[in-house]
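Hi everyone, thanks for having me.

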Amino acid sequence: MTVHNLYLFDRNGVCLHYSEWHRKKQAGISKEEEYKLMKDGFLAFQTSRYKLHYYETPTGIKVVMNTDLGVGPIRDVLHHIYSALYVELVVKNPLCPLGQTVQSELFRSRLDSYIRSLPFFSARAG
Amino acid sequence: MADAVLFEFLHTEMVAELWAQDPDPDPGPGGQKMSLSVLEGMGFRVGQAMAERLPRETLAFREELDVLKFLCKDLWVAVFQKQMDSLRTNHQGTYVLQDNSFPLLIRMSSGLQYLEEAPKFLAFTCGILRGALSTLGIKSLVTASVAALPACKFQVVIQRC
């Protein structure tokens with residue numbers, strides 16, 4: 001079981017953050033085009049290869065996480081990413097302007113540690 | 001009791017507003033002086049009032065060190081919901097107060113990112129310390145330094161007339 005990648009979008013569709021851990025194939029399109037596809041949004045869906053989990057807040061922040069098929073419902077995980085990481089380390093950071101890609105190293109490293117600590121994240125994909 | 005985060009947001013906006021209005025575009029230490037001293041002055045008046053308002057069992061502090069301990073415990077808890085992590089002195093009027101996880105810096109970074117911006121977020125607090133000391137009858141000079149976020153040191157030098 002593993003996590004492939006994670007996107008954070010704001011209400012205007014600006015991609016605030018992107019991280020990947022185990023991504024087997026790169027899509028044959030540029031990153032910008034890929035962001036446009038991702039943000040048009042679902043609640044969750046899966047294909048034979050991966051599962052996409054979606055979480056949206058009343059303020060329009062969207063968390064999109066792609067995992068492999070072994071992962072069940074993870075709404076509380078996505079909520080934690082929003083409230084304990086994004087709100088605490090980005091919204092409350094005086095030096096992070098809202099509506100732009102997040103530059104904070106602290107946010108990136110705490111998010112990475114959190115994802116790696118999840119029970120369904122294993123260091124080896126598949 | 002108001003949500004403690006309200007003060008943090010207000011402080012963030014004060015710093016941002018002062019920097020936006022600073023007519024001097026020079027980003028170096030000279031250009032920042034005006035805004036830093038305005039922030040410190042505001043903190044001074046807040047500190048003066050806080051020291052009057054905080055209840056304390058003993059009305060008279062027996063010695064200078066007791067006043068500094070009061071700042072590290074009671075004042076810091078009232079403003080930041082935590083105590084200062086360490087207090088050192090040379091017993092000749094200089095004190096170094098160290099906070100290893102200063103609440104106004106803690107969400108910014110854990111290390112060196114944003115280091116050059118950090119002094120802007122310490123000026124108001126230096127004023128709070130200087131103001132509180134002033135109410136308690138002590139004239140001082142307070143400066144702050146950051147080596148790596150979120151730890152910072154406040155240096156208090158007592159001014160003897």
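Before we start, one term: two strands count as paired if DSSP finds at least two bridges between them. And keep in mind that this is a predicted model, scoring ipTM 0.74 and pTM 0.80.

Okay, chain A. Here you'll find an open sheet of five strands in the order 2-1-5-4-3, with antiparallel pairing. Strand 2 (15–20) and strand 3 (44–46) of chain A sit at the edges with a single partner strand each, so one side of each has no neighbour in the sheet. On average, neighbouring strands are turned by 10° against each other, direction ignored.

Let's zoom in on one pair. Strand 1 (residues 3–9) and strand 5 (residues 62–67) of chain A run antiparallel and share six bridges. A:Leu6, for example, has A:Met65 in strand 5 as its bridge partner.

What packs on the sheet? Helix 2 (residues 75–91) of chain A does, touching strands 1, 2, 4 and 5 of that chain. Helix 3 (residues 105–117) of chain A does too, and it touches strand 1, strand 2 and strand 5.

Now over to chain B, which averages a pLDDT of 88. How far apart should the ends of helix 3 (residues 64–80) of chain B be? At 1.5 Å a residue, its 17 residues should span 24 Å, and the end C-alpha atoms are 23 Å apart, which agrees. Still, this helix has a kink of about 35°, centred on B:Leu71. B:Leu71 is also buried, as are others in the helix, including B:Phe70 and B:Trp76. Just after helix 3 of chain B, B:Gln81 takes a positive phi of about 60°.

Note on methods
Residues are numbered from 1 along each chain as its sequence is written. Chains are lettered from A and ligands numbered from 1 in the order in which they are written. This is a predicted model: local features need pLDDT of at least 70, side-chain atom pairs count only at pLDDT 80 or more; totals for chains, interfaces and linings use all residues. Side-chain values use heavy atoms; hydrogens and water are left out. Helices (H or I, at least four residues) and strands (E, at least two) are DSSP runs, numbered from the N terminus. Axes are lines fitted to C-alpha atoms, for helices over the stretch in contact, and angles run from 0 to 180 degrees between N-to-C directions. Contact means heavy atoms within 4.5 Å. pLDDT is the predictor's confidence in each residue, from 0 to 100. The expected span of a helix is 1.5 Å times one less than its number of residues. The bend at a residue is the angle between axes fitted to the seven residues ending there and the seven starting there. Buried means under 20% relative accessible area, exposed over 50%, partly exposed in between (1.4 Å probe, protein chains only).
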